[in-house]
Amino acid sequence: MRYKLTFVAGLALGYVFGTRAGRERYEQLKKAAKGFSENPAVRNAAESAAQSGRQFAGKAAHVVGDRVGDRLPPSVTDRVHALRERGRSNGRVRGDDDWGTSNT
């Protein structure tokens, strides 16, 4: 069943991309996607989400490294510490925070 579905999907894509009408539709879709991605509101939202993701990932990496660092192989621990120091030298880490800690 899976192979039949894949085959039918391939036929549909081949038709769309292989015919003149399909090519015109492809160009319309491409133009719409480009217009959407160039919208300032969309770009700001994407950049904001990427920045937030980087911040949370950095915090999570530090918390995980602090909590399980002594149980990891030395090569992994050394790599985590090297990345942490590189982040501090680039000004990415702005001091310690209480993210991931409990007040109990």
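The protein chain has four helices and zero strands, where helices (H or I, at least four residues) and strands (E, at least two) are DSSP runs numbered from the N terminus. Along the sequence the pattern reads α-α-α-α. Because this is a predicted model, local features need pLDDT of at least 70 and side-chain atom pairs count only at pLDDT 80 or more, while totals for chains, interfaces and linings use all residues. Residues are numbered from 1 along each chain as its sequence is written, and side-chain values use heavy atoms, with hydrogens and water left out.

**Confidence**
- The chain's mean pLDDT (the predictor's confidence in each residue, from 0 to 100) is 76, and 80% of its residues reach 70 or more.
- Helix H3 has the highest confidence, at a mean of 85, and helix H4 (residues 74-89) the lowest, at 73.
- For residues 92-100 the pLDDT is below 50, and this stretch has 13 contacts in the model beyond near neighbours in sequence; contact means heavy atoms within 4.5 Å.

**Surface and burial**
- Of the 104 residues in the protein chain, 7% are buried, meaning under 20% relative accessible area, with exposed over 50% and partly exposed in between (1.4 Å probe, protein chains only).
- The chain's accessible surface is about 9,100 Å², and carbon and sulfur atoms account for 59% of that; accessible areas come from the Shrake-Rupley method with a 1.4 Å probe, and for residues only the protein chains shown count as cover.

- Tyr15 sits in helix H1 (residues 2-18) and is exposed, at 55% relative accessible area.
- Arg54 belongs to helix H3 (residues 40-68) and is exposed too, with a relative accessible area of 53%.
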